[in-house]
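Below is a short note on the model, point by point.

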Amino acid sequence: MTFFIRTAGRADLAKISALLSETWHDTYDGIYGVERVSEITKSWHSLKALEPRLGRLESEFIVADDGRRLGGMAFAASSDAQRKLVVLHQLYVHPSVQGQGIGTELLREIFEAFPNALTIRLEVEEANANALNFYKRHGFEATGRTDNCGNPTSGIPALVMERPLG
């Protein structure tokens, strides 16, 4: 089945939330435990948390859709007034379709959505070897660390990675 990349809409939010929950459990249950992952997904991936992204200026909220299901999603936004820095907040591919190029297509669309940007930045959990290797293959390099991946109080350590754009 072929997945097409398109802009996320309000009707996609429940499917995006479910995709994020399933992907997080598959990836992080062994690292943080089922209870902590459930707590995070309930908060970070709720409809209430996802909805404001739909109308956010200077952002790209996209999904990979095969007409029956969503295979992946990504969200990125400009992070400075000059729009030279883009932050990739999320890029997730459902475990059942990983390794089929969906992540690469989502990332390519994010790159193209910010033609004036010079740099793209992301945070990745170092224990998530698949994600870390994916980003390295796509030209990202480690530039630092954070103790609070995803939000200022998460307590989740992560590697900060960047890649030039343009």
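1. Charge. The protein chain carries 18 positive and 21 negative side chains. The centres of the two sets lie 3 Å apart. Lys and Arg count as positive, Asp and Glu as negative; His and the chain ends are not counted. Each charge is placed at NZ of Lys, CZ of Arg, CG of Asp or CD of Glu.

2. Basis. This is a predicted model: local features need pLDDT of at least 70, side-chain atom pairs count only at pLDDT 80 or more, and totals for chains, interfaces and linings use all residues. Residues are numbered from 1 along each chain as its sequence is written, and side-chain values use heavy atoms, with hydrogens and water left out.

3. Fold. The protein chain has 5 helices and 7 strands. Helices (H or I, at least four residues) and strands (E, at least two) are DSSP runs, numbered from the N terminus. The order from the N terminus is β-α-α-α-β-β-β-α-β-α-β-β.

4. Dimensions. The C-alpha trace spans about 40 × 35 × 30 Å along its principal axes. The radius of gyration of the protein chain is 15 Å, which agrees with the value near 15 Å for a compact globule of 166 residues. That radius is taken over C-alpha atoms, and the globule rule is 2.2 Å times the number of residues to the power 0.38.

5. Packing. Of the 166 residues, 44% count as buried (under 20% relative accessible area, 1.4 Å probe, protein chains only). Take contacts (heavy atoms within 4.5 Å) between residues at least 6 apart in sequence: 60% join residues at least 24 apart. The accessible surface is about 8,800 Å², with 49% belonging to carbon and sulfur atoms; the areas come from the Shrake-Rupley method with a 1.4 Å probe.

6. Aromatic pairs. The structure holds 8 of them. Rings of Phe, Tyr and Trp (its six-membered ring) pair if their centres lie within 6.5 Å; planes under 30 degrees apart are stacked, over 60 edge-to-face, the rest tilted. Trp24 and Tyr28 make a tilted pair, 4.4 Å centre to centre with 45° between the planes. Both lie in helix H1 (residues 13-32), 4 residues apart, about one turn of the helix. Both Trp24 and Tyr28 are buried.

7. A pair between strands. The ring centres of Phe61 and Phe75 are 5.7 Å apart and the planes stand at 85°, so this pair is edge-to-face. Phe61 lies in strand E2 (residues 59-65) and Phe75 in strand E3 (residues 70-78), so the pair ties together parts 14 residues apart in sequence. Phe61 and Phe75 are both buried.

8. Cluster. Trp24, Tyr28, Tyr32, Trp44 and Tyr92 form one aromatic cluster.

Notes:
Buried < 20%, exposed > 50% of the residue type's maximum accessible area, 1.4 Å probe, protein only.
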